[in-house]
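Work through the exercises below with the sequence and the model side by side. Try each task before reading its solution.

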Amino acid sequence: MSSASENELDCLGWAARDASGVLSPYKFSRRAVGRDDVSIKITHCGVCYADLVWTRNKTGDSKYPLVPGHEIVGIVKEVGSDVHRFKAGDHVGVGTFINSCRECEYCNDEIEVHCKKGVVSTFNGIDVDGTITKGGYSNYIVVLDRYCFTIPDSYPLASAAPLLCAGITVYAPMMRHKMNQPGKSLGVIGLGGLGHMAVKFGKALGLNVTVFSTSVSKREVALSVLGADRFVVSSNQEQMAALAKSLDFIIDTASGDHPFDPYMSLLKVAGTLVLVGLPSEVKFSPLSLLRDRITVSGSATGGTKETQEMLNFCAAHKIYPETDVIPIQYVNEALERLLKRNVKYRFVIDVENSLE
């Protein structure tokens, strides 16, 4: 088997070369299709905050040249001899990881994201052959079939991309904490890529949904476009006080630092707050937990089983993320706008029609 360096540099992507995070065209090779592999022509890739974090080396472990992107959708080009779930022409997706040990209890339960040995990330990870993984800002990818998802034929590919990180990140804890109970009340903190999906899922599940935001300008979209039942400016103490002990669940998608106690006071007895954002610290009074039996939980993406369930759920209920489809040539500006939270609500790169 030829090494990656000997293979033809037939994959075209956009890569960051250093911590400036500036992306530009980059040619590299993908591995040959193995017996358990699926080769996918990428049509679209969502732009996730993770792309910003690793292209700019915010965690100190970026490996350059770095090709980001882990909200990948496309069309199967070729499958290995042992692949029976997919065939050429199928619509498929790839999310935040492309390998795991496949032996531990979590892999066996199809929640591979919690693999004891750690998952192999879709980009900037170390694959089993020692190569550095490269993501979906590229024209094709080769992935083990276990880590590929079926995109229902009726579902638009551009809309499917954000589901593979933003969508599953809120869907997984909603199912785990039994938020699929019509009539219960859900609070959603923050109205970005994650928050707007939490609102859409909440309404599809029959919940009464309240959006909390620091930005009053998001009121109209929250209520009219996303269908939330209530909008609260989180800095308005009167509005917050009026909702004391009224919510069964809260999903906190905010990554900026914010106080937690004001939100804890909005939960009913035995209510649950799930953190899916990434503030620099989480701080709250123990009394908030003890007095009302509050549960605080965290969550990050999801396993293969629940990801496929979510894709099927979105197709069945006609749930579509709010997207802004862009050519790859605009991606540096898009990442700058993402940094400034100036996006409604997910940029999606039209890889198929702009990468050349």
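Angles under 35 degrees count as roughly parallel, over 145 as roughly antiparallel, 65 to 115 as roughly perpendicular and the rest as oblique. The model is predicted: local features need pLDDT of at least 70, side-chain atom pairs count only at pLDDT 80 or more, and totals for chains, interfaces and linings use all residues. Residues are numbered from 1 along each chain as its sequence is written, and side-chain values use heavy atoms, with hydrogens and water left out.

**Exercise 1. Classify the angle between helix 4 and helix 10, and list the residues in contact.**

Step 1. Helices (H or I, at least four residues) and strands (E, at least two) are DSSP runs, numbered from the N terminus. Helix 4 covers residues 166–176 and helix 10 covers residues 304–317.

Step 2. Axes are lines fitted to C-alpha atoms, for helices over the stretch in contact, and angles run from 0 to 180 degrees between N-to-C directions. The two axes come within 10 Å and cross at roughly 105°.

Step 3. Helix 4 and helix 10 are therefore roughly perpendicular to each other.

Step 4. Contact means heavy atoms within 4.5 Å. Helix 4 contributes Gly-167, Ile-168, Tyr-171 and Ala-172, while helix 10 contributes Glu-306, Thr-307, Glu-309, Met-310 and Phe-313.

Step 5. Ala, Val, Leu, Ile, Met, Phe, Trp, Tyr, Cys and Pro count as nonpolar, Asp, Glu, Lys and Arg as charged, and the others, Gly among them, as polar. Sorted this way, the contact has five nonpolar, two polar and two charged residues.

**Exercise 2. Find the cis peptide bonds at Pro-65 and Tyr-345, and the positive phi of Ala-270.**

Step 1. The bond joining Tyr-64 and Pro-65 is cis, with omega about -5°. Pro-65 is in the loop between helix 1 (49–55) and strand 4 (72–79).

Step 2. From Lys-344 to Tyr-345 the peptide bond is cis, with omega near -15°. Tyr-345 lies in the loop between helix 11 (331–339) and strand 17 (346–350).

Step 3. Ala-270, a residue other than glycine, has a positive phi near 65°. Ala-270 belongs to strand 14 (residues 267–275).

**Exercise 3. Which residues have pLDDT under 50?**

Step 1. pLDDT is the predictor's confidence in each residue, from 0 to 100. The protein chain has a mean pLDDT of 95, and 98% of its residues reach 70 or more.

Step 2. Over residues 1–6 pLDDT stays under 50, and the model has three contacts beyond four places in sequence for them. Where pLDDT is low, the predicted coordinates should not be read in detail.
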